[in-house]
Amino acid sequence: IAFANTTDDTHVGAAILHHRTSTDSIGDLAFYTSPSSGTTTERFRIDKDGKFYKGGNHFYPLVNYSTYATFSSVSVSSSSYTDLRTILSGYTPKKAGNLIVIHHQSQCWQGTNASGNGDAMWKIQKQEGGGSWTDVIANERIMGNMDGRNYTGNSGLARHHRTVHLMGSFECAGTSINLKTQGKVDFTSPGLQWYHNNENILQVWEYEKG
């Protein structure tokens, strides 16, 4: 299908072409525009499997985007992973095999001096279709050699806000998804508070994979 301002094919301004790639009518649908008089250039195409291509490169189409920012504070002083917050409940993906991409940000608060030089750990777990919880993303050194551990005034260097992030992805099973965070500290003091204020966010992208 050609679009032109005359019947002269040198004046075609845009076109949609079927590129036959196999027997019968199996093939791609390509879209063209004209960057200059007498020429047409392919801009993108949909191949026989429904994949999108631009410049010969396959790109995953974004099929859904969600953002959440309502998480209240919670403190942990345990050396074992402890549930913090359910950050997503009942997310329904578009279909099985899609790529779920997660970015999660929290403000972490160390309110008192530390008694040791250990580390703080933070991770996200997922549950699909009501099954077991499994790790998706872990950041196991968000605070190391805790600031102010030798400071006895319970102020100054001992009081810190840290913006911490978790980023990762997984291929979904197509069933309902729940996400939760867990945290721990591997020293005796202090406890850390996640989601210290309302400047926290969860972003979820869902991409179709070919």
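Colleague: In which strand is lysine 180 found?

Modeller: In this predicted model, lysine 180 lies in strand E14, which covers residues 177-185.

Colleague: Why is lysine 180 called buried?

Modeller: Its relative accessible area is 10%. Buried means under 20%, so lysine 180 is classed as buried.

Colleague: What makes the pairing of lysine 180 with aspartate 83 a polar contact?

Modeller: The side chains of lysine 180 and aspartate 83 are joined at 3.2 Å. The cut-off for a pair of N or O atoms is within 3.5 Å, and therefore the value of 3.2 Å meets the distance criterion.

Colleague: Which residues does lysine 180 touch, not counting those up to four places away in sequence?

Modeller: Lysine 180 touches Asp83, Arg85, Thr86, Ile87, Lys123, Ile124, Gln125 and Trp133.

Colleague: How do you know that E11 and E14 pair?

Modeller: Nine bridges link E11 and E14 in the antiparallel sense. Pairing requires at least two bridges, so these strands qualify. Within E14, glutamine 182 stands opposite lysine 123.

Colleague: Why is strand E11 described as largely enclosed by the rest of the structure?

Modeller: Of the 10 residues in E11 (residues 119-128), 10 are buried, so the strand is largely enclosed. Both faces are covered: Asp119, Met121, Lys123, Gln125 and Gln127 are buried on one side, and Ala120, Trp122, Ile124, Lys126 and Glu128 on the other.

Colleague: Which residues have the most contacts inside the largest nonpolar core?

Modeller: They are Ile100, Ile102, Trp122, Trp194 and Tyr195, in a core of 27 residues. Strand E9 (residues 82-91) gives the most to this core, with four residues.

How values were computed
Residues numbered from 1 in each chain as written. Predicted model: local features only at pLDDT ≥ 70, side-chain atom pairs only at ≥ 80, totals over all residues. Heavy atoms only, no water. Helix = DSSP H or I, 4+ residues; strand = E, 2+ residues; numbered from the N terminus. Buried < 20%, exposed > 50% of the residue type's maximum accessible area, 1.4 Å probe, protein only. Polar contact = N/O pair within 3.5 Å; in protein donor to acceptor, adjacent residues only side chain to side chain. Contact = heavy atoms within 4.5 Å. Core = buried A, V, L, I, M, F, W, Y, C linked by side-chain atoms within 4.5 Å.
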